[in-house]
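User: I am new to reading protein structures, and I would like to learn how to do it step by step. Could we take one example and go through it together?

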Amino acid sequence: MLVDYSYIALFLVAAILFTAVVLGLPVLLKKLGIVPSKPNPVKNSAYECGVETHGRTWVQFNFRYYYYALLLIAFDVLLVFLFPWATQIGSLGFYAFGIVFAFLLIVLAGYLYAWKKGALEWN
Amino acid sequence: MELNFEKPLSLLTLDEIDQQEGGVIQSFRTGHTSPYPDPADWLNGEEPPPGVFITSVEKVLNWSRHYSLWPVMFGLACCAIEMMCMAASRWDLARFGMDIFRASPRQADLMIVAGTLTWKMAPWLKRIYDQMPEPKWVLAMGACGTSGGLFRDSYSVVPGFNLVVPVDVYVPGCPPRPEALMRAIMDIHEKIDKTRILKR
């Protein structure tokens, strides 16, 4: 029974070995003088790359984008279902058509609600 | 090179940032008037002395550097279009093992500086170069890279990238064709192959 868990121990050993090699190899290569070591303040800084941010980084976006994001998610899901269905529409038959139609109606109800609420208007 | 702003940038207004940036660029310009010497001593380097172990270890190391040369994105102007062409399917940079143009200099070995470099951009070019890990190579692409090209006499253009960073290979042309750039990359490969890594 306990032998079944030996795979996990094997994984653990492999993970530790991999991590040790990946972390240790650069140190070893540097010790051997294969990787030249020429540090400078920019290279040693924690900032990953490029130019440091100018001005304030707390940028505010218009909250109306939120509605668009919600609508996008709803219609994204709809399209993900519609495309595979549309390619196989002949072989799937009326049952699949009915299901997709019901799904479409549900999303359409949400769309009409958003329309009526004015989420599609920018002002 | 470190850009010395007196206060953290996040505390400054945009006007103050503009003024300070102008000062930084001006001081950078006065500090970079003579070109860096080209690191071309490998061209007439001495033959490797006989030694089976060291030579073969060196060969393996150079081989691994040769085939995993990752370029950093540095497209400044029209040359960058040719650079993109070279990376895309027709000329296919991936067969040299240079699959991806890295967006971060921390992961890159080769900087292909493609296009016209202005003095305003020069400190940031230097900064990107400084952030790249050793060993690193620089490829100046186009007439602007070699000499300033068409804009040599302009007040705002750096006449040759070797004023800012040491350049390994220059590619002439305005812009050079992707074949020319590929030839330059093969020159870089030749340099890598002939580099003596291990001390004797």
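Analyst: What follows is a short walk through the two chains, with the general idea given before each case. This is a predicted model, in which local features need pLDDT of at least 70 and side-chain atom pairs count only at pLDDT 80 or more, while totals for chains, interfaces and linings use all residues. Residues are numbered from 1 along each chain as its sequence is written, chains are lettered from A and ligands numbered from 1 in the order in which they are written, and side-chain values use heavy atoms, with hydrogens and water left out.

User: Where does UniProt place the feature "transmembrane region" in chain A?

Analyst: UniProt positions are given in the numbering used here, with feature names shortened, and annotations may be inferred rather than shown by experiment. The unreviewed entry puts "transmembrane region" at residues 6-29, 65-86 and 92-114 of chain A. Helices (H or I, at least four residues) and strands (E, at least two) are DSSP runs, numbered from the N terminus. Residues 6-29 of chain A are 100% helix and 0% strand, with end C-alpha atoms 34 Å apart, and residues 65-86 of chain A are likewise 100% helix and 0% strand, with end C-alpha atoms 30 Å apart.

User: How many helices and strands does chain B have?

Analyst: Chain B has six helices and four strands, and from the N terminus on its elements run α-α-β-α-β-α-β-α-β-α. Along its principal axes, the C-alpha trace of chain B spans about 60 × 40 × 30 Å.

User: How much of chain B counts as buried?

Analyst: Buried means under 20% relative accessible area, exposed over 50%, and partly exposed in between, with a 1.4 Å probe and protein chains only. By that rule, 48% of the 200 residues of chain B count as buried. One case is F28(B), which lies in helix α1 (residues 14-31) of chain B and is buried, with a relative accessible area of 3%.

User: Which residues have the most contacts inside the largest nonpolar core?

Analyst: In soluble globular proteins, nonpolar side chains tend to be buried together. A nonpolar core is a set of buried Ala, Val, Leu, Ile, Met, Phe, Trp, Tyr and Cys residues joined through side-chain atoms within 4.5 Å. The largest one has 24 residues, and those with the most contacts inside it are L110(B), I112(B), L139(B), L181(B) and I188(B). At least two residues of this core come from each of α3 (79-87), β2 (110-114), β3 (137-141), β4 (169-171) and α6 (178-194) of chain B, and α6(B) gives the most, with six residues. A second, separate core of 22 residues includes A108(B), M111(B), A122(B) and F161(B).

User: Which residues does the UniProt annotation "binding site" cover?

Analyst: The annotation covers C78(B), C79(B), C144(B) and C174(B). They span 97 residues in sequence, yet no two of their C-alpha atoms are more than 10.5 Å apart, so they gather at one spot. C78(B) is placed in the loop between β1 (71-72) and α3 of chain B, whereas C144(B) lies in helix α5 (residues 143-147) of chain B.

User: Is C144(B) buried or exposed, and which residues is it in contact with?

Analyst: C144(B) is buried, with a relative accessible area of 9%. Contact means heavy atoms within 4.5 Å. Leaving aside neighbours within four places in sequence, C144(B) is in contact with G115(B), T116(B), G149(B), F151(B), V158(B), G160(B) and F161(B).
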